[in-house]
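I opened a notebook for a structure that is new to me. These are my entries, in the order I looked things up.

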Amino acid sequence: MFRVGIGEDLHPVDDGRTLVLGGVIIEEGPGLRGHSDADVLLHAITDAVLGAAALGDIGHHFPPGDPRYAHADSADFLRTALRLAREAGWVPANIDATIRAERPRLSPYIPHIRQRIAEIAGLPLDAISVKAKSGEGLDAVGRGEAMAAIAVVLLTHRG
Ligand code: MG
């Protein structure tokens, strides 16, 4: 038994904040605006896990206005989504994601981001794929006003 889920997210760029992508602090920034740590990649992956298990979405489980989640570590969102999926009998098989950002150039950070997501999700490195694309000068991402992420997750039933 398999279930596939999709997640996507978009956050506005905020030069005053630290960039966190896939649980990795990226010093060269710019950062992203958001109630939590604004980790657009982990948010997309969390929504993909919740979607695959038909458990709602990230806004339902972690409401953005809730003071408990101010500056929250988004790794906790992903861990919670995976725990809820496991409680429903589903275990992750693989994660594939794409980040869209105009700057910084993300390719040097991809190995570390994959490793960090593997740690958070408790999966082998070869089950985690992260790609980076620029916005080609188009839309809010291309103008450097936002970063976006899209993710798919496959869950298998442990039974
Ligand atoms: Mg988000």
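Entry one, a residue and its contacts. I note that this is a predicted model. I began with Thr46 and listed what it touches, leaving out residues up to four places away in sequence. The list reads Ile58, Phe77, Leu78 and Ala81. I then checked where Thr46 sits, and found it in helix 1, residues 40-52. Is Thr46 buried or exposed? Its relative accessible area is 0%, so I wrote down buried, the cut-off being under 20%.

Entry two, the metal. Which residues are the protein donors of the magnesium ion? I found Asp9 through OD, His11 through NE2 and His43 through ND1. I wrote their spacing in sequence as D-x1-H-x31-H. I also looked up Asp9 and His11, and both are buried.

I traced an open sheet of five strands in the order 4-1-7-5-6, with mixed pairing. Strand 4 (31-32) and strand 6 (128-133) stand at the edges. Each has a single partner strand, so one side of each is left without a neighbour in the sheet. Next I looked at strand 5 (residues 90-100) and strand 7 (residues 146-157), which pair in the antiparallel sense over 10 bridges. I marked Asp96 as standing opposite Val152 in strand 7.

Key:
Residues are numbered from 1 along each chain as its sequence is written. This is a predicted model: local features need pLDDT of at least 70, side-chain atom pairs count only at pLDDT 80 or more; totals for chains, interfaces and linings use all residues. Side-chain values use heavy atoms; hydrogens and water are left out. Donors are N, O and S atoms within 2.8 Å of the metal (3.2 Å for Na, K and Ca); water is not among the atoms, so sites may look incomplete. Buried means under 20% relative accessible area, exposed over 50%, partly exposed in between (1.4 Å probe, protein chains only). Helices (H or I, at least four residues) and strands (E, at least two) are DSSP runs, numbered from the N terminus. Contact means heavy atoms within 4.5 Å. Two strands pair if DSSP finds at least two bridges between them.
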